[in-house]
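Dear colleague,

I am handing over a structure to you here, and my notes on it follow below. Please keep it open while you read them.

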Amino acid sequence: MIGQVEDERESKTRTMRFTLNIWRQNGPADIGRFVTYDAHDISAGMSFLEMLDSVNQRLIAKGEEPVAFEQDCREGICGSCSLVINGIPHGPDRGITTCQLYMRRFRDGAVITIEPWRARAFPIIKDLVVDRRALDRVTQAGGYISVNTGGAVDGNVLLIGKDQAETAMDAASCIGCGACVAACKNASAMLFVAAKVSHLAILPQGKPERTRRVRAMVEAMDREGFGACGNQYECEAVCPKRISVRFIATLNREYLRSGVVESGLLTEPESPHAESA
Ligand code: SF4
Ligand code: FES
């Protein structure tokens, strides 16, 4: 315990120095380039975004334009902090977002390359900020359950098994960050769409709209310019919420099933109280 306290104290007081190669781009039409910055007096206990704050404070003090990057919660919840660090979306650690990455993870004196998500469906707005609204439009196409007005249904009316509830929760933990797209050489959004489709299709409340949902979301995904799944699982490797690629299998099954329903060989339940295949 004493050793741990000393480690934490040392981590807070130790300062480090880094060479940063940061992508700078004035706007969507600009060609963009890497610019090298010296980041010094960086506390080992700083988060990656705090390190960028420190670099920006120095740039502002010198009258230079700060580096634009996206962030919000800084707690791994919102999915805003979309940075590719040394070629890996969200950096070298597994199961965390960029805002949860600490500078003590890097070697003192290291050269760190920082880029935005790169995908046709995510045009660069400025520097490290990309437009990820394509994911919102895919969700708007079907990633919801329609609720009709009327008396609220008692929460315990629909009994859901523990395994079913936990699997749905695993899929629902997707924060829509887009790291899966940035990691994929095809810029595929299959893991994201699979998570959204699966968490609703697994639960009884999501079953009545499952046919329309999966077709609408897959069509929206294609329309937005995301590529096809390459079955190489980079998406799962970088996902901060460790969403499993087995949900892509669920998505494929849901899509196939929707074809059977549309052909009239299978009927959809009209209420969440009725289960279907
Ligand atoms: S599946 Fe994972 S990597 Fe992809 S958007 Fe969701 S949380 Fe981010
Ligand atoms: S800033 Fe919200 S997840 Fe990183």
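This is a predicted model: local features need pLDDT of at least 70, side-chain atom pairs count only at pLDDT 80 or more; totals for chains, interfaces and linings use all residues.

In total, 15 residues surround ligand 1, and the closest of them are Cys 174, Cys 177, Ala 179, Cys 180 and Cys 239. Two or more residues of this shell come from each of the elements α5 (179-183) and α6 (190-202), and it is α6 that gives the most, with three residues.

Turning to the sheet, you will find five strands that form an open sheet with mixed pairing, in the order β2-β1-β5-β3-β4. Because β2 (33-43) and β4 stand at the edges and each has a single partner strand, one side of each is left without a neighbour in the sheet. Strand β3 (residues 83-85) runs antiparallel to β5 and is joined to it by three bridges; in β5, Glu 115 is the bridge partner of Val 84. Helix α2 (residues 48-61) packs on the sheet, where it touches β1 (15-24) and β2, and its direction makes about 105° with that of β2.

Leaving aside residues up to four places away in sequence, Leu 101 touches Ser 47, Phe 48, Gly 91, Asp 93 and Ile 96.

With best wishes

Definitions and conventions
Residues are numbered from 1 along each chain as its sequence is written. Chains are lettered from A and ligands numbered from 1 in the order in which they are written. Two residues are in contact if their C-beta atoms, placed from the backbone, lie within 7 Å. Two strands pair if DSSP finds at least two bridges between them. Helices (H or I, at least four residues) and strands (E, at least two) are DSSP runs, numbered from the N terminus. Axes are lines fitted to C-alpha atoms, for helices over the stretch in contact, and angles run from 0 to 180 degrees between N-to-C directions. A residue is near a molecule or strand if its C-beta atom, placed from the backbone, lies within 6 Å of it.
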